[in-house]
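Here is a brisk report on one protein model. Look over the sequence and the fold first, then read on.

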Amino acid sequence: MNFEKEILISFFMIRILLENKKTSVKSVDYRVPVSRAPWSGQKITQLNLWHIEGHYDFVNEVEARVSLQFLVNQFIHCKLIHATRDRDRNWSEIFVCSDFEIRKALYRISMDEIRKIFSFVGADYSDQVHYKWDAKIDDYQVTLE
């Protein structure tokens, strides 16, 4: 439980960095490899939420690449998050889906990939920031390079 909380807080921090334009466009454009298992159509309730084997079709699971922002939203708005361990009892992967995606698909991401995301975003700084006044919003539009 504490591990999952730490992961959620870490992804929330990434969201803040992205939304406040504290990274370069490289983080905005970053695509994350995940596995996507489609929803089986089985009813999901608060009492059976964790029965992922019945709720999702792992036979038809496919590899996909999703935007970092999409993945961040899966963690921030997660309805289901479940971390698994390997044979050595190390955290190996996380299953996650938001309240919006719960009846669409479940996403699986490896801990190695999560480490790569944290390292990449943590070292990503914008080379240039451009400001242009936008009268429609009565503020500056900010673009990164």
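## Salt bridges in the helices

Glutamate 113 is buried, with a relative accessible area of 9%. Buried stands for under 20% relative accessible area, exposed for over 50%, and partly exposed for what lies in between (1.4 Å probe, protein chains only). The model is predicted: local features need pLDDT of at least 70, side-chain atom pairs count only at pLDDT 80 or more, and totals for chains, interfaces and linings use all residues. Residues are numbered from 1 along each chain as its sequence is written, and side-chain values use heavy atoms, with hydrogens and water left out.

Glutamate 113 forms a salt bridge with lysine 116, and their closest N and O atoms are 3.8 Å apart. A salt bridge here is a side-chain nitrogen of Lys or Arg within 4 Å of a carboxyl oxygen of Asp or Glu. The two residues sit 3 apart in helix α5 (residues 111-122), so about one helical turn separates glutamate 113 from lysine 116. Helices (H or I, at least four residues) and strands (E, at least two) are DSSP runs, numbered from the N terminus. Lysine 116 is partly exposed, at 48% relative accessible area.

Arginine 15 is buried, with a relative accessible area of 18%. Glutamate 19 is partly exposed, at 46%.

## A salt-bridge network

How many salt bridges are there by this rule? The count comes to 5. One of them joins the side chains of arginine 108 and glutamate 61, at 2.9 Å from N to O. This pair links distant parts of the chain, 47 residues apart: arginine 108 lies in strand β5 (residues 105-110), and glutamate 61 in the loop between α3 (52-55) and β2.

Both residues are partly exposed: arginine 108 has a relative accessible area of 21%, and glutamate 61 has 23%. Salt bridges also tie Glu61, Glu93 and Arg108 into a network. Side chains of opposite charge can pair when their charged atoms come close.

## The open sheet

An open sheet of 5 strands runs in the order β2-β1-β5-β4-β3, with antiparallel pairing. Its edge strands are β2 (62-67) and β3, each of which pairs on one side only. Neighbouring strands of this sheet are turned by 35° against each other on average, direction ignored. For such angles, axes are lines fitted to C-alpha atoms, for helices over the stretch in contact, and angles run from 0 to 180 degrees between N-to-C directions.

Strands β3 and β4 run antiparallel and are joined by 7 bridges. Two strands pair if DSSP finds at least two bridges between them. Leucine 80 has cysteine 97, in β4, as its bridge partner. Strands of a sheet pair through backbone hydrogen bonds, either parallel or antiparallel.

How many disulfides does the structure hold? The count is 0. A disulfide is taken as a pair of cysteine sulfur atoms within 2.5 Å. The sulfur of cysteine 78 has its closest cysteine sulfur in cysteine 97, 8.4 Å away, which is too far for a bond.

Cysteine 97 counts as buried, at 0% relative accessibility. Cysteine 78 is partly exposed, at 23% relative accessible area.

## Positive phi in two loops

Most residues other than glycine have a negative phi, and most peptide bonds are trans. Arginine 89 is not a glycine, yet has a positive phi of about 70°. Arginine 89 is placed in the loop between β3 (78-85) and β4 (91-98). At 56% relative accessibility, arginine 89 counts as exposed.

Aspartate 138 also has a positive phi, near 55°. Aspartate 138 is found in the loop between β6 and β7 (139-144). Aspartate 138 counts as exposed, at 58% relative accessibility.

## A nonpolar surface patch

Which residues make the nonpolar surface patch? Val129, Tyr131, Trp133 and Tyr140 do, over about 470 Å². Patches are made of residues with over 30% relative accessible area and no salt bridge; like charges are joined within 9 Å, and nonpolar side chains (Val, Leu, Ile, Met, Phe, Trp, Tyr) within 5 Å. Accessible areas come from the Shrake-Rupley method with a 1.4 Å probe, and for residues only the protein chains shown count as cover.

Strand β6 (residues 129-134) gives the most to the nonpolar patch, with 3 residues. Tyrosine 131 lies in strand β6. Tyrosine 131 is exposed, with a relative accessible area of 58%.
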